[in-house]
Amino acid sequence: MTPEAITAYATAGTVVVIGASAIAALVQLRHMRASNQLEGLLSLEADFRSPAVQNALHYVQQHLPERLEDPAYRKDLSTIGFVNTDVHPELIACNWFNAMGTLLKHGLISEETFMDLFSRLIRYYWRALAPVIAIMRRSRGAGQYHDFEYLAIRADQWLRQYPEGVFPKRLQRLTLPDPWREQDAAVDEGR
């Protein structure tokens, strides 16, 4: 075998080894990204389940509409500066959703997974909190909670695309027992 042939085979072998190494590196990077996104999503889930966020979400559902009827309460929101979250726990919810919007906007969490988990919740709380944000934007401008707004827009788009969720089409849905359906419907009709 000539020295030129040996060099050609060695070069070809080197190219194969480098190519295989590059492919292995790409696969490893994909796994690392998936692992980081999973870790981030689990952290978000833990934050979501925290007492502070859960209490804020409960407050938005149970008390916020009534509280917004109070002009002094609204004035607190429109004043530039520190707003006490003990008085305005709805801001804890706004801050959580805004942070989620920031992470999603910058691709730090998987939109598909996040929206599968939270899209309906985002839509509900955006509608509930939009009046609060509108009041705050009177004095603070359109930048106030703009990543929450981004999140709400993406959630609406997601829900239009997947109105029934993303349940695998190849699987047949299970039949759910609902023994009180007729009884509850009769009660609802009586209201």
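**Group meeting: a loop, a core and a helix pair**

Hi everyone, let's start with Gln144, which sits in the loop between helix 6 (111-140) and helix 7 (146-161). Please keep in mind that this is a predicted model.

Is Gln144 buried or exposed? Its relative accessibility is 17%, so Gln144 counts as buried, given that the cut-off for buried is under 20%. Leaving aside residues up to four places away in sequence, Gln144 touches Ile133, Met136 and Arg137.

Tyr145 belongs to the loop between helix 6 and helix 7 too. Tyr145 is also buried, with a relative accessible area of 7%. Have a look at its backbone as well: phi of Tyr145 is near 60°, a positive value in a residue that isn't glycine.

Now to the core. The largest nonpolar core contains 38 residues, and Leu77, Phe114, Ile122 and Leu129 have the most contacts inside it. Two or more residues each come from helix 1 (3-48), helix 2 (51-62), helix 4 (71-78), helix 5 (90-105), helix 6 and helix 7. Which helix gives the largest share of this core? That would be helix 6, with 11 residues.

Last, the pairing of helix 4 with helix 6. Their axes are 7 Å apart and the packing angle is about 50°, so the two helices are oblique to each other. The crossing of helix 4 past helix 6 is right-handed. On the helix 4 side, the contact is made by Arg74, Leu77 and Ser78, and helix 6 brings Val132, Ile135, Met136, Ser139 and Arg140. By type, the residues of this contact are 4 nonpolar, 2 polar and 2 charged.

Thanks, everyone!

Note on methods
Residues are numbered from 1 along each chain as its sequence is written. This is a predicted model: local features need pLDDT of at least 70, side-chain atom pairs count only at pLDDT 80 or more; totals for chains, interfaces and linings use all residues. Side-chain values use heavy atoms; hydrogens and water are left out. Helices (H or I, at least four residues) and strands (E, at least two) are DSSP runs, numbered from the N terminus. Buried means under 20% relative accessible area, exposed over 50%, partly exposed in between (1.4 Å probe, protein chains only). Contact means heavy atoms within 4.5 Å. A nonpolar core is a set of buried Ala, Val, Leu, Ile, Met, Phe, Trp, Tyr and Cys residues joined through side-chain atoms within 4.5 Å. Axes are lines fitted to C-alpha atoms, for helices over the stretch in contact, and angles run from 0 to 180 degrees between N-to-C directions. Angles under 35 degrees count as roughly parallel, over 145 as roughly antiparallel, 65 to 115 as roughly perpendicular and the rest as oblique. A crossing is left-handed if the near helix is turned anticlockwise from the far one by less than a right angle, and right-handed if clockwise. Ala, Val, Leu, Ile, Met, Phe, Trp, Tyr, Cys and Pro count as nonpolar, Asp, Glu, Lys and Arg as charged, and the others, Gly among them, as polar.
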